[in-house]
Amino acid sequence: MRWTRRLRLCVAGAVAVSALSAAPGTAPAAEQRDARLTDLVNPFIGTANEGNTFPGAAVPFGMVQLSPDTGHSTGYDYAHSRVRGFSLVHLSGVGCRLGGDLPVLPTTGDVTQTDNAKYAAGFRHADETASPGYYRVGLDSGIRAELTASTRTGVQRYTFPATDKANVLIDAGQALHRMVASKVEILDDHTVRTAVTGRGFCKDTLPYTVHTITRFDRPFTAYGTWDGATVTPGSRTGRGGAYLRFDTTGDRTVEATTALSYVDAAGAAGNLRAEGGRSFDTVRAAAGRAWEERLADVRAHGGADSLRRTFYSALYRAFLAPNVGSDADGRYTGFDRRVHRADGFTYYQNWSLWDTYRTQTQFLALLAPADSRDMAISVIRVAEESGWLPKWGYGTVETNVMTGDPVTPFLTNAYHQGLLHGYEERAYRALRRNADELPPADSPAVGRDGVRDYLARGYVPYVKGHEPPKSGHSDYAFGASATLEYALSDAMLAQMARALGHRQDAARYAARSRNYRNLFDPSTRFFRARDTSGAFTGPWSPAQSVGFHEGTAWQYQWLVPQDLPGLVRLIGGERLTNERLDEFFAYDRLLANPERTAREVWVDGPYAYYDTDKYNPQNEPDLLAPYTYLSTGQPWKTTDVVHAALTLFTDEPAGLTGNDDLGTMSAWNVLSSIGLYPVQPGYPTWGLSTPVFDRVDLRLDRRYYPRGALTVTSPGTSRDHRYVQTVRADGAAYERTYLTTRDLRALRTLHYTVGPRPSSWGTSAQAAPPALG
């Protein structure tokens, strides 16, 4: 299996390298201009090798993600060949069981099985297709299933063989998460209502409930429900599921629209009234238009077809989450488990913040600022209603999954991007409390659970195997990485405090932002965990270090974006830092064979977190590491490493590096391909590197970007001509290796001249992104 997978990845890599190496403009300009961008998207990318994406139907940020489940823990695995059902809720790229609510499957004949693992239908990929907002598969039973979606509804169309026993099974009692309770009710000869209560993610959570109502376009000829393995024909209520029977000896198609609500049955019914009542084809066409409009915000020119497919597929995935959480009437269930109403904004949910604060947060602030504002307001409302900011929120509950303080850079980014007008002080109050205090015992949140020790000692001590008193992960179990994450967040909060005039707070948080130094071991010149006595602990080797969440000291050593000059001094200066970066990226081997180095020398495997001294492009902790060269006087090496990492993204099912984590990896791909990357997450600093396209036109929201557009050009960019020679901003020479959001708002054009060898561009001390003091 190992060598088989290696061969598959190498073949995929060769395709990607060919795409990056191809002469610009492989596809004719007119063809690129006139083609639908949705035709370039392959929703199957990431469905193999634990990318954990889903191929089913959704609209941008939709509440519903209607997609097939094949038995994999997060839904769909390309290696599987049986569908257990088409369920309503999936999150793109998560690594633990979540969603899969209300699987539905068409069958024929008598209904005798109630376990979807047993009545699952076989299928072949040759008879399966997907595009943004649409999915279709031919089942071995002879039934064709098609899926599409609106924001709060999923629409199914099933084409049966001619039979008087065509069934649609609605399985309320099974999901990807752990079930707590379920109920199904047949209301009339067209309508079924359910309530599904579940819990769990990577850890146990409080329960949450999903309410649905499904309306068919034609009456049932028979029906029944089941509890456990007992099927009761004619029954209208059950705890397991229901079957609806149709006669398809004449009309062979059955359409059904299912509306979803996290509030109550009335919310589901209201969402059905607001978005239902349309034919499958009408909903599909609307979903396609919604995606075409989103994708058209980025027009990439040049590059091979495979590169463009990979890029636009990543762009698609980056717009999938967070997800609408409020009903059509504005009601939503808050983290306090009470019903609230969103007035003047859309309430969003699903916050994979440990992942998304590094890339996708900034991506959305740039390309979807109005939506990003509502997302930020939603997070503020979580704090005000439940008493605490979220860490990893799913649906209506806090999971406390992952560590550190990711909500701070999420919200400070929103502030610095100008998205919090009218909410600045409300956000700051919540952030200050989160940074300085522990949540009360009756709160489900753990917040910064190591904050007391962090304030007293200047670091979070490492306590092996520590479990918090609530569900989720413990910062003490990962004391070293938690300390680095706290310090990063303190730096970002200091900048917000200073801008708002809270000078004493700003000075206090700025001082705390230097706590990363308390982990630096002079004997190893690496960060190391410290125990409760203050002693450095764990193996001497940084590759075998302890106390780092999903990584080692090698990967976490670069997580000091607030003070890279200070980190460089700790390591011993620019020369030693560059030597260590070169070792980390295996730079000599990378120059000789970038694609092979990326696959065989860097970390290989979506869950290979530990015991390694090399770059891990498949996980979040060191995603910004390639951009460290911008601060060490060797910016050309950023391009070398970034372009090598981009070869790991391909247009095949295994073409995603690790879990996508709600668009995190996809946003990394998009931003790095454009040549703009958020090098100080939580602060509006964009690092520059060579784009992979000749030209990219960004359509920007004039409410936030008065120019309304930005064009990035890099004519002739290719594998052999990838080094920046000059940069011109609106025609004027530009020597810095970074831009601020203020710069971007004033720009119309950013033009790169590239060549076959590194130049002196960006190498001066003044060119590097400054420390946040």
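**Why these names? A tour in questions**

Guide: Tyrosine 223 has leucine 244 as its bridge partner in strand E16. This is a predicted model, where local features need pLDDT of at least 70 and side-chain atom pairs pLDDT 80 or more, while totals for chains, interfaces and linings use all residues. Residues are numbered from 1 along each chain as its sequence is written, and side-chain values use heavy atoms, leaving out hydrogens and water.

Visitor: What makes E13 and E16 a pair of strands?

Guide: Strands are DSSP runs of E with at least two residues, helices are runs of H or I with at least four, and both are numbered from the N terminus. Two strands pair if DSSP finds at least two bridges between them. Strand E13 (residues 222-227) and strand E16 (residues 241-246) are joined by five bridges and run antiparallel, so they meet that rule.

Visitor: Which strand is also joined to E13 by four bridges?

Guide: That is E14 (residues 230-233), again antiparallel. Here tryptophan 226 has valine 231 as its bridge partner. Two residues lie between the strands of this hairpin, and glycine 228 takes a positive phi near 60°.

Visitor: Why do E28 and E34 count as edge strands?

Guide: The open sheet has three strands in the order E28-E29-E34, paired antiparallel. Strand E28 (676-678) and strand E34 (738-740) each have a single partner strand, so one side of each has no neighbour in the sheet. E29 (residues 685-688) is joined to E34 by three bridges, with threonine 685 opposite threonine 740.

Visitor: Why is the pair of tyrosine 609 and tyrosine 610 given its name?

Guide: Rings of Phe, Tyr and Trp (its six-membered ring) pair if their centres lie within 6.5 Å; planes under 30 degrees apart are stacked, over 60 edge-to-face, and the rest tilted. That rule gives 38 aromatic pairs. The centres of these two rings are 5.9 Å apart and their planes stand at 80°, so this pair is edge-to-face.

Visitor: Is tyrosine 609 buried or exposed?

Guide: Buried means under 20% relative accessible area, exposed over 50%, and partly exposed in between (1.4 Å probe, protein chains only). Tyrosine 609 has 14% relative accessibility, so it is buried. Tyrosine 610, at 40%, is therefore partly exposed.

Visitor: How do you know that the charge of arginine 736 sits over a ring?

Guide: The rule asks for NZ of Lys or CZ of Arg within 6 Å of the ring centre and within 35 degrees of the ring normal. The charged end of arginine 736 sits over the ring of tyrosine 738, 4.6 Å from its centre. Arginine 745 does likewise over tyrosine 705, at 5.1 Å.

Visitor: Why are H11 and H13 called oblique?

Guide: Axes are lines fitted to C-alpha atoms, for helices over the stretch in contact, and angles between N-to-C directions run from 0 to 180 degrees. Under 35 degrees is roughly parallel, over 145 roughly antiparallel, 65 to 115 roughly perpendicular, and the rest oblique. Helix H11 (residues 424-436) and helix H13 (residues 479-500) cross at roughly 140°, with axes coming within 11 Å. They are therefore oblique to each other.

Visitor: Why is alanine 427 placed in its accessibility class?

Guide: Alanine 427 is found in helix H11. Its relative accessibility is 0%, so alanine 427 counts as buried. Its C-alpha atom is 9.4 Å from that of glutamate 384, 43 residues apart along the chain.
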